[in-house]
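Hello,

Here is the structure I promised to pass on to you. Please open it first, and then read my notes below with the model beside you.

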Amino acid sequence: MLAKRIIPCLDVKDGRVVKGVNFVNLRDAGDPVELAATYDREGADELVFLDISASVEGRATMVEVVKRTAGEITIPFTVGGGISHVDDMKRLLRAGADKIGINTAAIRNPQLISDGARKFGSQCIVVAIDAKFNPEWGEWEIFTHGGRNGTGIRALEWAREAERRGAGELLLTSMDADGTKDGFDVKLTRAVSELVSIPVIASGGAGRVEHFHDVFTEGKADAGLAATIFHYKEMTIQEVKDDLKRKGVEVR
Amino acid sequence: MIAIIDYGMGNLHSVSKAVERLGYETVVTSDAAEILAADAAILPGVGAFGDAMDNLRETGLDSVTKQYAASGKPMLGICLGMQLLFSESEEYGAHTGLGLLPGSVVRFQGDYKVPHMGWNKLSFLQSSPLFEGLEEGHVYFVHSFHVKPELPSDLLASVDYYQPVTAIVGRGNVYGMQFHPEKSGDLGMRLLEGFLGLTKQQQ
């Protein structure tokens with residue numbers, strides 16, 4: 001059976017890793033390629049690069065980062081952030097990315113999911129969903145711009161549409177759990193996992209090793225993503241995997 | 001020199017870089033003479049079986065690949081490249097493959113997630129120079145169709161995904177890996193190294 005995946009996420013701006021990174025043995029802790037190679041060695045199953053560059057130059061730099069990363073690491077990686085055209089996808093996939101993450105652009109233009117899936121295959125298209133509980137609805141709403149803007153779209157409905165249009169995977173971030181370190185949003189993750197038949201990557205809220213166990217078992221997630229806790233060495237990927245193994249969850 | 005056969009399907013960059021990291025020179029090429037002169041050839045591939053065979057036929061690389069296999073030098077098909085080694089596929093209609101190994105490519109069918117995507121644990125079924133001295137571990141798969149080899153003797157390793165799934169095949173100098181060794185961490189690199197090592201035994 002498939003192993004549950006542990007995925008560190010790197011925020012990259014103008015070709016440099018942002019959000020403080022606390023690796024002591026790196027020559028250059030801001031170099032995304034070196035950091036990616038380190039996570040590869042430490043047992044990450046996959047990586048996500050989130051490009052938060054705001055300029056055209058910054059985006060062009062990302063293509064270079066992808067090219068260099070593809071030559072250095074031996075695990076698959078996804079690139080997301082600001083991708084709004086099939087041509088952007090093509091450029092990044094050509095440079096060596098395995099998957100493309102799309103978020104806001106897909107909400108504005110859902111056809112982007114269909115076009116990308118048809119052109120490159122569903123396995124290349126990851127739809128990222130930022131969801132927050134809407135108490136009036138009694139279910140989750142999609143938010144954009146780091147949780148500031150509500151869209152009025154129901155997350156579960158959108159998850160199903162993304163799948164129908166050919167998404168190969170969902171990267172599901174709970175805006176309620178993100179940054180709390182109190183654990184993943186198990187309820188949200190489970191609701192989405194039970195609804196769709198494509199893999200779900202849970203994101204937001206990881207603070208202790210056992211949180212991964214919770215989201216894989218109760219939350220039915222296929223993968224768990226985290227950033228800060230790995231960057232700041234609050235836990236290592238190996239510690240997470242050891243805990244999962246001990247509890248009988250298959251990991252690599 | 002290791003030839004990565006370029007027939008317009010998929011990402012050749014990662015495969016070529018992985019081979020280079022193992023200390024071999026590579027050439028990504030669609031040139032018949034260059035391919036036939038190489039010490040080993042790799043047939044990669046991502047995409048649909050029918051399109052891939054069309055591309056191989058149009059460029060004449062189908063006969064070059066068969067000629068290479070007949071030369072006795074090591075050849076490796078990766079992912080779709082492995083499936084192409086077989087007789088036929090049912091992916092979007094019936095298609096004839098290279099026919100270097102007998103067997104067919106069939107769709108995953110059942111109440112489970114397709115594509116089979118992620119890390120799965122290999123079981124080695126017989127001894128092979130590819131994984132001599134290696135321990136069984138996880139490698140990375142992405143595929144919606146899988147190979148049913150006709151002869152058990154061609155099946156070197158499998159994984160379990162609601163059924164036994166063909167992971168490594170081999171007969172003589174012709175090998176195939178359904179997973180992506182270039183995306184499969186340390187074990188993937190060791191398996192690729194095992195294949196490339198065959199070029200040394202030959203000399």
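**What I found**

Glu193(B) counts as partly exposed, at 33% relative accessibility. (Buried means under 20% relative accessible area, exposed means over 50%, and partly exposed lies in between, with a 1.4 Å probe and protein chains only.) Arg190(B) is partly exposed as well, with a relative accessible area of 28%. These two residues form a salt bridge, their closest N and O atoms being 2.8 Å apart. (A salt bridge is a side-chain nitrogen of Lys or Arg within 4 Å of a carboxyl oxygen of Asp or Glu.) Arg190(B) and Glu193(B) are separated by about one helical turn because they are three residues apart in helix α6 of chain B. (Helices, H or I with at least four residues, and strands, E with at least two, are DSSP runs numbered from the N terminus.)

Some notes before you go on: this is a predicted model, in which local features need pLDDT of at least 70 and side-chain atom pairs count only at pLDDT 80 or more, while totals for chains, interfaces and linings use all residues. Residues are numbered from 1 along each chain as its sequence is written, chains are lettered from A and ligands numbered from 1 in the order in which they are written, and side-chain values use heavy atoms, with hydrogens and water left out.

**Chain B as a whole**

Chain B has seven helices and 14 strands. Its C-alpha trace spans about 45 × 40 × 30 Å along the principal axes. For 203 residues, a compact globule would have a radius of gyration near 17 Å, and the 15 Å of chain B agrees with that. (The radius of gyration is taken over C-alpha atoms, and the globule rule is 2.2 Å times the number of residues to the power 0.38.) Of the 203 residues of chain B, 59% count as buried. Among contacts in chain B with a separation of 6 or more, 70% come from residues 24 or more positions apart. (Contact means heavy atoms within 4.5 Å.)

One thing to look for is the cis peptide bond that joins Val114(B) and Pro115(B), with omega about 5°. Pro115(B) sits in the loop between β7 (101-107) and β8 (116-121) of chain B.

**Where the chains meet**

How many residues of chain B are in contact with chain A? There are 25, and they touch 29 residues of chain A. The area buried between the two chains is about 2,200 Å², and carbon and sulfur atoms give 56% of it. (Buried area is the accessible area, with a 1.4 Å probe, that two parts lose on being put together, summed over both.) In chain B, Lys113(B), Met117(B) and Trp119(B) lose the most area to chain A, together 33% of what that side buries.

Across this interface the rule finds two salt bridges. Asp98(A) and Lys183(B) meet through their side chains in a salt bridge (2.9 Å, N to O). β8(B) gives six residues to the side of chain B that touches chain A, the largest share. By class, that side has eight nonpolar, nine polar and eight charged residues. (Ala, Val, Leu, Ile, Met, Phe, Trp, Tyr, Cys and Pro count as nonpolar, Asp, Glu, Lys and Arg as charged, and the others, Gly among them, as polar.)

His138(B) is worth a click. This residue is in strand β10 of chain B and is buried, with a relative accessible area of 10%. Its contacts beyond four places in sequence include Ala3(A), Glu250(A) and Trp119(B).

**Salt bridges in chain A**

Over all chains, a search of the whole structure finds 28 salt bridges. In one of them, the side chains of Lys99(A) and Glu169(A) meet at 3.0 Å, N to O. Lys99(A) lies in strand β5 (residues 99-102) and Glu169(A) in strand β9 of chain A, so the pair ties together parts that are 70 residues apart in sequence. Lys99(A) is buried at 2% relative accessible area, and Glu169(A) is buried at 1%. Both belong to a network of salt bridges that also links Arg5(A) and Glu46(A).

Lys220(A) forms a salt bridge with Glu194(A) through their side chains (3.0 Å, N to O). Lys220(A) also has a positive phi, near 60°, in a residue other than glycine.

Happy exploring!
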